[in-house]
Amino acid sequence: MEGPGTARGPQEPKVRNLDRPLLIIGNRRYSSWSLRAWIGLRESGVTFREEWISLYQPGTSERMRGFSGAGRVPILVDGDLTVYDSMAILEYANEAYAGGRLLPRNRARRALVRSVCAEMHAGFPNLRDNLPMDLGRAAAPLPVDDATEVEIGRILSLWQELLERHEGEGPYLFGEFGLADCVYLPVVTRFHHYGVPLAAYPRSEGYVTGMYALPAFAEWREAALLETEILPGMP
Ligand SMILES: N[C@@H](CCC(=O)N[C@@H](CS)C(=O)NCC(=O)O)C(=O)O
């Protein structure tokens, strides 16, 4: 991996395994979309290379567009194939590297997972704007407006319902770890860093704790905290 603030970068030999997939990400501290794709790749079991593009700097868009015309990260390059958008990368990782195990076998359940993922992917604009992911923020409550409160309530009751329904199958949203957990991981971090009260939703509280215990996520956080770049205007 390349870029400042990354513990593994300097040790990574650059001349071998160039046939491994390459994931291009943004700042680990702030790039929620990158985190989703990265955790999905890690949990898929594939070995991949990483490259880091600093967000919102002169030349950022040009660098991103050098890999994908969409000009956004994450971007996955696998041989001749370029997959952009975190959701597309997660679906691809599931098929190409995870042998399908990041989605349920049952078709109806897969449709539910995709509904839940789409709700996050296309929704919750107030949560995104008002509580942006910032892994360096000291955990402390932040007052939020009514629209954000409604979105937080929706997510917590959705998690609560899913965790209750799949309780006997594992600790994640659909029992075993899967794409829905990758998609909601940045939300988990928002709830933690912005001190969202979870006590009324005990299963969701346990879910947040469980997601924080994922070893791969601990690795991401550790690297994020080594980053020296601070984006202005964070709440
Ligand atoms: N829907 C896209 C959104 C990707 C996105 O907005 N990424 C941000 C970083 S977290 C980005 O590349 N921003 C660069 C820019 O806006 O110039 C996805 O899921 O991948």
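**View 1. Helix H3 lies across strands S3 and S4.** H3 runs at about 125° to S4. Axes here are lines fitted to C-alpha atoms, for helices over the stretch in contact, and angles run from 0 to 180 degrees between N-to-C directions. Two residues are in contact if their C-beta atoms, placed from the backbone, lie within 7 Å. Helices (H or I, at least four residues) and strands (E, at least two) are DSSP runs, numbered from the N terminus. The model is predicted: local features need pLDDT of at least 70, side-chain atom pairs count only at pLDDT 80 or more, and totals for chains, interfaces and linings use all residues. Residues are numbered from 1 along each chain as its sequence is written.

**View 2. An open sheet is formed by 4 strands.** The strand order is S2-S1-S3-S4, and the pairing is mixed; two strands pair if DSSP finds at least two bridges between them. Strand S2 (49-52) and strand S4 (81-84) are at the edges with a single partner strand each, so one side of each has no neighbour in the sheet. On average, neighbouring strands of this sheet are turned by 20° against each other, direction ignored. Helix H1 packs on the sheet, where it touches strand S1 (22-25) and S3. The direction of H1 makes about 155° with that of S1.

**View 3. Strands S3 and S4 form a hairpin.** Strand S3 (residues 75-78) and S4 run antiparallel and are joined by 4 bridges. Leu76 stands opposite Val83 in S4. Between the two strands there are 2 residues, and Gly79 in the turn has a positive phi of about 60°.

**View 4. Two loops hold backbone features.** In the loop between H2 and S3 lies Pro74. A cis peptide bond joins Val73 to Pro74, with omega about 10°. Tyr56 is in the loop between S2 and H2. The phi of Tyr56 is positive, near 55°, in a residue other than glycine.

View 5. Ala, Val, Leu, Ile, Met, Phe, Trp, Tyr, Cys and Pro count as nonpolar, Asp, Glu, Lys and Arg as charged, and the others, Gly among them, as polar.

**View 6. Helices H6 and H8 pack at an angle of about 85°.** The axes of H6 (residues 146-165) and H8 (residues 202-212) are 8 Å apart. The angle makes H6 roughly perpendicular to H8, a term for 65 to 115 degrees (under 35 is roughly parallel, over 145 roughly antiparallel, the rest oblique). H6 makes the contact with Leu156, Trp159, Gln160, Leu163 and Glu164, and H8 with Arg203, Ser204 and Tyr207. These residues divide into 4 nonpolar, 2 polar and 2 charged.
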